[in-house]
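Hi,

Here is the structure I said I would pass on.

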Amino acid sequence: MSIETISLSGRKKMVSHKEMTFWERLYLVAIVKGLGITLKHLFRKKVTIHYPEQVREMSPVYRGQHQLKRDEQGRENCTACGLCALSCPAEAITMKAAERKADEKHLYREEKYASIYEINMLRCIFCGLCEEACPKDAIYLTTSKVLVPSSYEREDFIFGKDRLVMPLDVAIKNAQLNNAN
């Protein structure tokens with residue numbers, strides 16, 4: 001068996017080196033086909049949206065910026081179990097667990113909490129697997145249209161707890177809405 005007949009993928013094709021005809025050398029047929037495709041697209045309905053006047057509606061499965069939830073008392077839900085970091089296919093989440101001190105009971109729900117919780121937004125693919133993996137429902141992707149602000153520094157794209165934790169007033173408002181329902 002020679003090396004020319006072996007094909008690992010099974011898709012090996014023999015290429016013929018036949019001489020091109022006069023019309024094939026002119027490429028006239030190919031040019032006419034290309035112009036036909038161009039003319040066909042010229043008379044189709046345009047898909048352009050005039051942004052300030054028309055706003056495109058978002059998909060129902062849209063996933064926006066990450067946020068770490070707080071409970072009704074303002075304590076963080078995250079217990080630093082690490083399941084979100086394990087489920088992240090892009091390996092964008094890093095965390096470091098720490099033990100809660102006696103004077104920090106009003107800040108964290110469980111004995112263990114995430115002292116460092118960072119998401120590298122340059123690596124994140126906004127798949128939502130971290131949200132699905134979390135047993136405490138601590139992280140979720142908002143429906144906010146603001147994803148990641150632009151910057152020239154890489155450090156600005158690593159979101160720490162200072163940018164991820166839900167503001168206290170929003171957590172209290174969510175608790176009031178849940179209690180009303």
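Is F126 buried or exposed? F126 is buried, at a relative accessible area of 18%, where buried means under 20%, exposed means over 50% and partly exposed lies in between (1.4 Å probe, protein chains only).

Before going on, some housekeeping. This is a predicted model, where local features need pLDDT of at least 70, side-chain atom pairs count only at pLDDT 80 or more, and totals for chains, interfaces and linings use all residues. Residues are numbered from 1 along each chain as its sequence is written, and side-chain values use heavy atoms, with hydrogens and water left out.

**Backbone**

Back to F126: this residue is not a glycine, yet its phi is positive, at about 55°. You will find F126 in the loop between strand 3 (112-120) and helix 4 (129-133). Helices and strands here are DSSP runs numbered from the N terminus, with at least four residues of H or I for a helix and at least two of E for a strand.

D137 is another non-glycine residue with a positive phi, near 55°. D137 lies in the loop between helix 4 and strand 4 (139-141), and D137 counts as partly exposed because its relative accessible area is 39%.

**Salt bridges**

In general, side chains of opposite charge can pair when their charged atoms come close. How many salt bridges does the structure hold? There are 4 of them, a salt bridge being a side-chain nitrogen of Lys or Arg within 4 Å of a carboxyl oxygen of Asp or Glu.

D137 turns up again here, with its side chain meeting that of K69 at 2.9 Å, N to O. This pair ties together distant parts of the chain, 68 residues apart, with K69 sitting in the loop between strand 1 (66-68) and helix 3 (83-87). K69 is partly exposed, at a relative accessible area of 21%.

E76 and K161 form another salt bridge, and their closest N and O atoms are 2.9 Å apart. Distant parts of the chain are linked here as well: E76 is in the loop between strand 1 and helix 3, K161 is in helix 5 (residues 161-164), and 85 residues separate them. E76 counts as buried because its relative accessibility is 11%, and K161 is buried too, with 16% relative accessible area.

D71 and R75 also join their side chains in a salt bridge, at 3.0 Å from N to O. D71 is buried, with a relative accessible area of 8%.

**Annotated cysteines**

Which residues does the UniProt annotation "binding site" cover? According to that unreviewed entry, they are C78, C81, C84 and C134. UniProt positions are given in the numbering used here, feature names are shortened, and annotations may be inferred rather than shown by experiment.

These residues are spread over 57 residues of sequence but cluster in space, with a largest C-alpha distance of 10.3 Å. The lining of the second largest cavity includes C78, C81, C84 and C134. A cavity is a set of points, on a 1 Å grid over the protein atoms alone, where a 1.4 Å probe fits but cannot get out, and lining residues have an atom within 4 Å of a point.

C84 is in helix 3 and is buried, at 7% relative accessibility. Leaving aside residues up to four places away in sequence, C84 touches I93, M95, Y117, C130 and A133, contact meaning heavy atoms within 4.5 Å. C134 sits in the loop between helix 4 and strand 4, and C134 is buried, with a relative accessible area of 16%.

Cheers

Note on methods:
1 Å grid on protein atoms, 1.4 Å probe; cavity = no way out; pocket = protein on both sides within 12 Å on 5 of 7 lines; lining within 4 Å.
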